[in-house]
Amino acid sequence: MSEHHQQSHTSDNRHHLAIWCRAEVFTFGALTTPPPPDITPASLKSLVKYMKKSGTAGYPKMNYMLWRHIACSKLHMSEELAWMYFETYSMLTNVSPQRRIQTDIQTSKANTSTENERLKDSRKVDSLAFILLLFLQSFHQIDLKSTLSRDEWPNRKRNSDLDARKNRIYDEQSHQLFIQAHLDDLLNIVAETPESNASESVQSATLNMDAITALSYIFEGTLHDNLRKIITFHELIQNPSIQHEIGINKSIVPFKNLSNLIRRSLIANPFQVGQTMKRGTLLPLPFNNPTHEQRSGRVLCNSNFADERHRFVLMTMINRSLSDQQSSDITNAEFRIHRCSYSYIYILAPLRCVEVRKCHNVTIVLGAVETTLKVTDCENVSISAVCRRVLISQCRSSSFYIHTPSRPLIQLNCASLLFAPYNSSHVELLEQMEHSGLCKELNLWNKPLVTHPAGYVDEQPWSLLPPDDFYPISSIRLEDQQTDGLLPLPAEYQSAMDKRQKSISTLANEITAAQLNPEQRQRFQRFVVSNFEAWLDATGNAKILNHLSSLQQQ
């Protein structure tokens, strides 16, 4: 949607009201795996009625025990998938870091499956908002090309840059288009509709304040075009002038009036890719390689016009470069790494969430990621991260060094994925983890969940890295390097590292005990260097070292 069209939405609005979709719910909450076929608007509305009849177990908050029954018995999904959706909702809600850590530590201490299930059964979600998240699972099934010609951003392959700009559609515009096409279905799920006169039931339907609060999971906005003061959807609706306009009476909101209000006020999220590319500030690229390929790459941040909760960073087209992002502008931001290649990217600042898209031959080292690391359409990448969840889709021949309290999710079209425990460390990591609600006690890196749709058959897309092939990776800045070691490693990986270190120590002692004369030392040194260089060439590490050296000399 063009910027002029978006402006017309707000200029026609007497309150200068702007409403948009919360990007994280779509980007990290709507999974690319098709949802079970039984999840439809009609079935979700029936579930709302069922939950309300189930007493305190189902409404206003629903416990996992009831959801597991609904998911397995009524929606015919596996228990693993049921828990995955339940967990997805919790990750995208405001829960204190201390509470998340407490829950994870309790889970780590559960010695039996019975204890673990008991802990799960005690967890709760907001009933209506959770149902709306299930509705959004159909997002990736919508063919937006039929609505608007789509071109992958930023596109460098078109003959005409002008045509590319005209046809470009960003993710936030896709979210907007989805809501415009399915708004009434969305509202109807949480609305109160009269049983009689079904043909006019939607027109006479209403929404209570519980439903309005649930819609805050998807929508937020601002009044008077003030992007520094973002308020939740239910706070917007409680504004006296808006209540008067849509005819709210005793906290009852008319369906039709609310639908019309959202439609005329809906814009694309103003903090995401489009506006960041247009209005954001450029961040420096340390150690960058000033070649023709590199000049097209950039890192942009919206901190010059967004508050801390909506901070967004876009790193795009970085090629043959060494990038170490340390700016305070990126702290706790949503970070997107797009179309990068043959590069080494270190981002040790704490982040809220990260998406890696369309990258190849890249090494990425991250610190603490509060919610989700999403990796899509990548090949030959190596990613190290501490995060609450990992989502992987359409990836091949890639390695993931992960510390996560939830099972990594492998979605469609993945092959030759390697998983290993987190292999990096830096001086602020433990502090960042504490602030992000991540603990060192619980790590499910080795239990990926493959979420193929029903009837889909594929070979096992993942395996575990052999312990003998596990090596730690250091920060490129000496001041960031941690001398106290890595996060606790599984016994077999720690044993492999200890064995390797013991061999090195034994060899050093033997060399000392041999009391070599100067000529023997030189011969021995030439022997060691020759064999080491042969090993570097055989493993491909020589190219990596040469590349890193050349980049740091730039």
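Modeller: A cavity here is a set of points on a 1 Å grid over the protein atoms alone, where a 1.4 Å probe fits but cannot get out. Its volume is the space filled by probe spheres set on the points, which are joined across faces, edges and corners.

Colleague: How many cavities of 30 Å³ or more, then?

Modeller: One. The largest cavity has a volume of about 30 Å³.

Colleague: Before we go on, what kind of model is this?

Modeller: A predicted one: local features need pLDDT of at least 70, side-chain atom pairs count only at pLDDT 80 or more, and totals for chains, interfaces and linings use all residues. Numbering runs from 1 along each chain as its sequence is written, and side-chain values use heavy atoms, without hydrogens or water.

Colleague: Which residues line the largest cavity?

Modeller: Asp 104, Val 386, Cys 387, His 403, Thr 404, Pro 405, Leu 438, Cys 439 and Leu 442. A lining residue has an atom within 4 Å of a point. Six are nonpolar, two polar and one charged. Pro counts as nonpolar and Asp as charged.

Colleague: New topic. Which residues touch the most other members in the largest nonpolar core?

Modeller: Trp 67, Ile 179, Leu 207, Leu 215, Phe 219, Ile 237 and Leu 258, out of 77 residues. A core joins buried Ala, Val, Leu, Ile, Met, Phe, Trp, Tyr and Cys residues through side-chain atoms within 4.5 Å. Buried means under 20% relative accessible area, by a 1.4 Å probe with protein chains only.

Colleague: Which helix gives this core its largest share?

Modeller: Helix 8, residues 127–136, with nine residues. Helices are DSSP runs of H or I, at least four residues; strands are E runs, at least two.

Colleague: What does Leu 215 contact?

Modeller: Beyond its neighbours within four places in sequence, Leu 132, Leu 186, Leu 187, Leu 207, Phe 233 and Leu 258. Contact means heavy atoms within 4.5 Å.

Colleague: And Leu 136: buried or exposed?

Modeller: Buried, at 0% relative accessible area. Leu 136 lies in helix 8. Leaving aside neighbours within four places, Leu 136 contacts Val 25, Phe 26, Ala 30, Phe 178 and Ile 218.

Colleague: How many helices and strands in the chain?

Modeller: 20 helices and 21 strands. Of 554 residues, 51% count as buried.

Conventions. Buried means under 20% relative accessible area, exposed over 50%, partly exposed in between (1.4 Å probe, protein chains only). On a 1 Å grid over the protein atoms alone, a cavity is a set of points where a 1.4 Å probe fits but cannot get out, and a pocket is an open set with protein on both sides within 12 Å along at least five of seven lines; lining residues have an atom within 4 Å of a point.
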